[in-house]
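Good morning, colleagues. I should like to take you through one model this morning, beginning with a single residue and widening the view from there.

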Amino acid sequence: MSSEAHAGEVDAGASVGTNLGIWIGLVAITFLEVFLAYEQLQPAVMLTILVVLSLVKAGMIMSYFMHLKYEKLSLVLLLVPAMIFCICMMFIFFFPEAFRLLQMRPH
Amino acid sequence: MHDVKTDEALDSAWSGGKSPYAIGSKKLGMWLFIVSDTLTFSALLIVYSYSRLTNPDWPRPFPIFPAIAFSTTMTVVLLASSLTMVMAVMAAQRNDRKKTVMWMVATMVGGLLFTALHLTEWMNMITKEHFTITGNPEGTPLFGAVFFGITGLHMTHVMIGVIYLGIVAVGYGRGKFSAEDVEVNGLYWHFVDLVWMFVFPLIYLMSVKY
């Protein structure tokens, strides 16, 4: 890191306006989710859309509210890939077992 | 006092500097806790998905009115408390102690309101709809364990967050804690909000009663 950032003096972060915009976005996505529930979509479609929207919301909260966008890349690389890897590992074990049990359901 | 921001070791982050991530140890500690807690909640949500997928008689106990409207209100309250926490952190960075404490108190009010709404919902489910941790009239008893387990752990996080906010607000107001302590507190609070962004759609919106 160069000295112009004066030794770890991180970016002050987003302005009040940006944070307010993010917050309005989060509320809007929440209402979109509720609207989708009201529309009675197929469960698989509904689940896919909800998970994607939740990941978008998580990204917005982590980037702006939790300031990760303004931190050093080394911190992001320390935290995020390992976390995603661990969650993916949990899901690797989840899928085969879950689908095997799904097929064993009484029809 | 040793100021981490003027530490020359930070200039050479990759060459064994004391603070290669350019943040204080408290903030790094909180981030590592958040990663571990994320895995706890991920595991619980995977357990929920697994139980749900393998139980055809999974209950769908939440009608749009009043249950989903109620839980949407809870979500907005929690989101609003995140915004007030952002304002508290920004005020702390400006060294405005009075406003910081004010915004932190507003965040605590949001947390308490969320908890009160959540407990109201729980009491309604337990006393009127007879959903308990071991059984319910609509399907597999696993629902109660999963629902009360996940939302209960989240509510515990909210309550701990309110206590944490109270301690830091008093300490910061008296000049005992620094702006970094407020920021670390904010990280925890936003994480609690972030978890709810998964709990609300997966637990509530996927179980709407039509």
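Tyr38(A) lies in helix α1 of chain A, where helices (H or I, at least four residues) and strands (E, at least two) are DSSP runs, numbered from the N terminus. The model is a predicted one: local features need pLDDT of at least 70, side-chain atom pairs count only at pLDDT 80 or more, and totals for chains, interfaces and linings use all residues. Residues are numbered from 1 along each chain as its sequence is written, while chains are lettered from A and ligands numbered from 1 in the order in which they are written.

A residue is buried if 20 or more other C-beta atoms lie within 10 Å of its own, exposed if 12 or fewer, and partly exposed in between, with C-beta atoms placed from the backbone. Between Tyr38(A) and Ile24(A) there are 14 residues in sequence and 21 Å in space, C-alpha to C-alpha.

Helix α1 of chain A covers residues 16-38, and at 1.5 Å a residue its 23 residues should span 33 Å. The expected span is 1.5 Å times one less than the number of residues. The end C-alpha atoms of this helix are 33 Å apart, which agrees. Just after α1(A), Gln40(A) takes a positive phi of about 55°.

Which residues of α1(A) are buried? They are Ile22(A), Leu26(A), Thr30(A), Glu33(A), Val34(A) and Ala37(A). These buried residues pack against α2 (43-65) of chain A, and also against α2, α5 and β2 (208-209) of chain B.

Chain A as a whole has three helices and zero strands. Of its 107 residues, 19% count as buried. In chain B, buried residues make up 39% of the 210 residues.

I turn now to chain B. It has five helices and two strands, and from the N terminus on its elements run α-β-α-α-α-α-β. Its C-alpha trace spans about 65 × 40 × 25 Å along the principal axes.

How do the two chains meet? In total, 48 residues of chain B are in contact with 45 residues of chain A; two residues are in contact if their C-beta atoms, placed from the backbone, lie within 7 Å. On the side of chain B that touches chain A, α1 (25-54), α2 and α5 each supply at least two residues. That side divides into 32 nonpolar, eleven polar and five charged residues. Here Ala, Val, Leu, Ile, Met, Phe, Trp, Tyr, Cys and Pro count as nonpolar, Asp, Glu, Lys and Arg as charged, and the others, Gly among them, as polar.

Finally, the helix packing within chain B. Helix α2 (residues 64-93) and helix α5 (residues 179-204) of chain B pack at an angle of about 160°, with their axes 9 Å apart. Axes are lines fitted to C-alpha atoms, for helices over the stretch in contact, and angles run from 0 to 180 degrees between N-to-C directions. The angle makes α2(B) roughly antiparallel to α5(B); angles under 35 degrees count as roughly parallel, over 145 as roughly antiparallel, 65 to 115 as roughly perpendicular and the rest as oblique. Residues in this contact include Leu78(B) and Met85(B) from α2(B), and Trp189(B) and Phe200(B) from α5(B).
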